[in-house]
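Here is a short briefing on side-chain contacts. Look over the sequence and the model before reading on.

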Amino acid sequence: MSKIYLIRHGQTDWNLEGRIQGCRDIPLNDTGRRQAASLAEGMKDRRVELVLSSPLCRARETARVLAESQGVPLLCWRELEEVRYGSWEGMTVAEIQEQFPEEYRRWWGEAGEGRPPGGESRMEAFQRGVFLAEKIRRQVRSHKLKGVAVVSHGAMLCCMLPALLKGQAPFEEGFSVQNGGITTLYMDPESGMCSLEAVNDCSHFSGENL
C-alpha cells in the first residue's frame, strides 16, 4: 500500500481576515511559517519520497520546508492552485453576498454551474479535482511511491478528496481543512482505490501554532 498525505498550506493574513484568496499569491504570515516548521517535524515519522505543491507561494513555502526536511524532490503543479474566484478574491463572504448576491446564490446551487466574475464554477473546480486525483494516482504508480505529500489549498483539497475516494468521502456540506492539517489516505497501487486513515490531523501543532 502507498500513502498519500493531503496538506493545506500554513496560515496567511488573509486567512485571519476571512478574505477569499483564490489564486492571489498571498504569503505565509509568521504563524504560517511556524506551522510549516511544525508540519515538517510532525511528518518525520511519515516518510515521503516526493512532495507535490501548488506553485502559489503560501503552498510552495509550506511544501519547501517539508521537502527539505525529508530530503526529497519538490514538484509544483499548476493544477494544484486554489479554486479561481475571480472578482471575489480579496473579499469576505459578507462582502460577496452584498455585492454579488445572485452570483453567490448560483455558485452554491445544486448544479454547481454559477461562477464568480472572471472565476471558475464549482463544477469546473470538481472536474479539476478529478483530473488531479488521476494524475496523483499515475505518479504513485509510475514511480512506485510508498509515500507522497500533496500541498494545496482548502477548497481544492475538498474537490480532490471525493475523487480520490471515488465518492466514499463522508463529509457534510461546510467541511473544511485547517491550515497545516494532514489528511492521510491509503492507496492500493494496483487498483488505485484509496481509503481514509485520518482527516485534518493537527496533532503536530502546539497551542501557539493554532
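**Rings and charges**

Trp88 and Phe100 are both buried. The model is predicted. It holds 5 aromatic pairs and 14 salt bridges.

**Aromatic pairs**

- Trp88 and Phe100 form a tilted pair, 6.4 Å centre to centre, with 50° between the planes.
- This pair links distant parts of the chain, 12 residues apart. Trp88 lies in the loop between β3 (74-76) and α4 (93-99), and Phe100 lies in the loop between α4 and α5 (101-107).
- Trp88 also pairs with Trp107, edge-to-face, at 5.9 Å centre to centre and 75° between the planes.
- Trp107 sits in helix α5, 19 residues from Trp88. Both Trp88 and Trp107 are buried.
- Ring pairs join Tyr85, Trp88, Phe100, Tyr104, Trp107 and Trp108 into a cluster.

**A charge over a ring**

- The charged end of Lys135 sits over the ring of Trp77, 4.3 Å from its centre.

**Salt bridges**

- Side chains of opposite charge can pair when their charged atoms come close.
- Arg64 and Glu68 form a salt bridge at 3.4 Å, N to O. They are 4 residues apart in helix α3 (residues 57-70), so about one helical turn separates them.
- Arg64 is partly exposed at 36% relative accessible area, while Glu68 is exposed at 55%.
- Arg137 and Glu134 form a salt bridge at 2.7 Å, N to O. Arg137 is buried at 2% relative accessibility, and Glu134 is partly exposed at 31%.
- Arg84 and Glu81 form a salt bridge at 3.8 Å, N to O. A network of salt bridges links Glu81, Arg84, Glu120 and Arg128.

Technical notes:
Residues are numbered from 1 along each chain as its sequence is written. This is a predicted model: local features need pLDDT of at least 70, side-chain atom pairs count only at pLDDT 80 or more; totals for chains, interfaces and linings use all residues. Side-chain values use heavy atoms; hydrogens and water are left out. Rings of Phe, Tyr and Trp (its six-membered ring) pair if their centres lie within 6.5 Å; planes under 30 degrees apart count as stacked, over 60 as edge-to-face and the rest as tilted. Helices (H or I, at least four residues) and strands (E, at least two) are DSSP runs, numbered from the N terminus. Buried means under 20% relative accessible area, exposed over 50%, partly exposed in between (1.4 Å probe, protein chains only). A charge sits over a ring if NZ of Lys or CZ of Arg is within 6 Å of the ring centre and within 35 degrees of the ring normal. A salt bridge is a side-chain nitrogen of Lys or Arg within 4 Å of a carboxyl oxygen of Asp or Glu.
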